[in-house]
Amino acid sequence: MRTDLARALNIKVNQVRILTPYIGGDFGDKGNVERQHIIAALLARKTKRPVKLEFTREENYLGTHHRYPTHGTSNTASRRMGR
């Protein structure tokens, strides 16, 4: 995310600081830069102050990107005795 934000803002990566104490793992596609991240970074640059970006659970589902749907197939088999 730092690399992508730095590229979007045309600054060096070491000039980007991201604190994510509650992010958990990267399951659910949390590592991508989206428009709200760039807006927060632009606000921080303009105000010269840190910007906290926080969503309620409902806002997270309504306003952010989620993993793309996938389709998988599986074949299973068993013998007469259930093995």
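Modeller: Accessible areas come from the Shrake-Rupley method with a 1.4 Å probe. In this predicted model, the accessible surface of the protein comes to about 8000 Å². Carbon and sulfur atoms hold 52% of that surface.

Colleague: What share of the 83 residues is buried?

Modeller: Buried means under 20% relative accessible area. Here 13% of the 83 residues are buried.

Colleague: How many helices and strands does the protein have?

Modeller: Three helices and zero strands. From the N terminus, the order is α-α-α.

Colleague: How do I read a salt bridge?

Modeller: Side chains of opposite charge can pair when their charged atoms come close. The whole structure has two salt bridges. One joins aspartate 4 and arginine 7, with the closest N and O atoms 3.3 Å apart. Both residues lie in helix H1, three residues apart, about one turn of the helix.

Colleague: Which residues meet in a salt bridge at 3.7 Å, N to O?

Modeller: Glutamate 54 and lysine 52. Glutamate 54 is exposed, at 59% relative accessibility. Lysine 52 is exposed too, at 70%.

Colleague: Where is threonine 20?

Modeller: Threonine 20 sits in the loop between helix H1 (2-9) and helix H2 (35-47). Threonine 20 is partly exposed, with a relative accessible area of 42%. Along the chain, threonine 20 and lysine 52 are 32 residues apart. Their C-alpha atoms are separated by 9.9 Å.

How values were computed. Residues numbered from 1 in each chain as written. Predicted model: local features only at pLDDT ≥ 70, side-chain atom pairs only at ≥ 80, totals over all residues. Heavy atoms only, no water. Helix = DSSP H or I, 4+ residues; strand = E, 2+ residues; numbered from the N terminus. Buried < 20%, exposed > 50% of the residue type's maximum accessible area, 1.4 Å probe, protein only. Salt bridge = Lys/Arg side-chain N within 4 Å of Asp/Glu carboxyl O.
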